[in-house]
Amino acid sequence: MTSATDPLPFPATVRLIATDLDGTLLRDDKSVSDRTVAALAAAEEAGIEVFFVTGRPARWMDVVSAHVHGHGLAICANGAAVVDLHSGGKLLEARPLERETALDVVRTLREAAPGTSFAVELSTGIHYEPDYPPFHLDPGATVAAAEKLLHEEEPGTAAPVLKLLAHHSELTPDGFLTLARTAAGGLASITRSSPTALLEVSGLGVSKASTLALCCAERGISSDEVVAFGDMPNDVEMLTWAGTSYAMGNAHPDVIAAASGRTVANNEDGVAVVIEQILAARRA
């Protein structure tokens, strides 16, 4: 039987499991394995809340919406949105990127990294520039310069900006992240989760960790009672905040350095492996 590569002593009370999705809970084909489905259900049955904490927007949460129990909440867009999956991804809380700040970031990155293209993720959907690469583009999206996409006819009336996305076709992913943080890190939170040079820009201080901390505080749950899982740089803050954290076997080096320990890769059901160990330790 597969076991975690770096088992840790679990806290006396595990009250919440926080897990990333892509590259972590999901297999590479974006499926949730039967073993993982069973582990999530067993955790909830044992009274442990499970939070999906992802960079995905709410409209891409159908892959796990059938597997959320109890509260039904998920943290999306790297902490910019809390949604109710029981209500089809209804937005309950937004921590937006102010449009003027987003425009400042666009101007700064255009100067620091010529050739950068942008997309704007709103609470209502994504819009993008003509040169932005076709990842998961919405056929109903507006295609225009970022400056136009971020313009408001009447300030304060437009949909919240959850993320600004910045892509570069020539820079390396980590090189682009370092450059962007150096140039614009004082304006906004900048991270990445894609294997390409695609950056995700949120409001300053907005991250998976900060929103998860708020959700836990509402429940009277301390960081020491949280076990977290992740694989990419946008998970680093969350893994550092959680009392116990696991980098996946396929994780980025920065994630391995940030986590308490390691589990096996996403394709080997690394999250389920640890949940099974937590429940076995509780029974013992």
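This is a predicted model: local features need pLDDT of at least 70, side-chain atom pairs count only at pLDDT 80 or more; totals for chains, interfaces and linings use all residues.

Modeller: Let's begin with T24, which lies in helix 1, spanning residues 21–25.

Colleague: Why is T24 called buried?

Modeller: Buried means under 20% relative accessible area. T24 has a relative accessibility of 1%, so T24 counts as buried.

Colleague: What makes the pairing of T24 with D231 a polar contact?

Modeller: The limit for such a pair of N or O atoms is within 3.5 Å. The side chains of T24 and D231 are 3.1 Å apart in their polar contact, so the distance meets that limit. D231 is also among the residues that T24 touches, a list including F229, G230, M248 and N266, with residues up to four places away in sequence not counted.

Colleague: Let's turn to E200. Where is E200 found, and how do you know whether E200 is buried or exposed?

Modeller: E200 is found in strand 10, residues 198–203. Its relative accessible area is 3%, and the cut-off for buried is under 20%, so E200 is buried.

Colleague: Which side chains does E200 join through polar contacts?

Modeller: One is K163, at 3.0 Å. Another is S193, at 2.6 Å. Setting aside neighbours within four places in sequence, E200 is in contact with residues including G55, N78, L165 and R192.

Colleague: And K148, why is that one called exposed?

Modeller: Exposed means over 50% relative accessible area. K148 has 63% relative accessibility, so K148 counts as exposed. K148 has its place in helix 4, residues 146–149. From K148 to E129 is 19 residues in sequence and 9.6 Å in space, C-alpha to C-alpha.

Colleague: Now for the whole chain. How many helices and strands are there in the protein chain?

Modeller: The protein chain has nine helices and 13 strands.

Colleague: What makes the protein chain as compact as a globular protein of that length?

Modeller: Its radius of gyration is 19 Å, and the globule rule gives 19 Å for 284 residues; the two values are close, so the chain is as compact as a globular protein of that length. Along the principal axes, the C-alpha atoms fill a box of roughly 60 × 35 × 30 Å.

Colleague: What percentage of the residues in the protein chain is buried?

Modeller: Buried residues make up 52% of the 284. Among contacts with a separation of 6 or more, 59% come from residues 24 or more positions apart.

Technical notes. Residues are numbered from 1 along each chain as its sequence is written. Side-chain values use heavy atoms; hydrogens and water are left out. Helices (H or I, at least four residues) and strands (E, at least two) are DSSP runs, numbered from the N terminus. Buried means under 20% relative accessible area, exposed over 50%, partly exposed in between (1.4 Å probe, protein chains only). A polar contact is a pair of N or O atoms within 3.5 Å; within protein, one must be able to donate a hydrogen and the other to accept it, and residues adjacent in sequence count only if both atoms are side-chain atoms. Contact means heavy atoms within 4.5 Å. The radius of gyration is taken over C-alpha atoms; the globule rule is 2.2 Å times the number of residues to the power 0.38.
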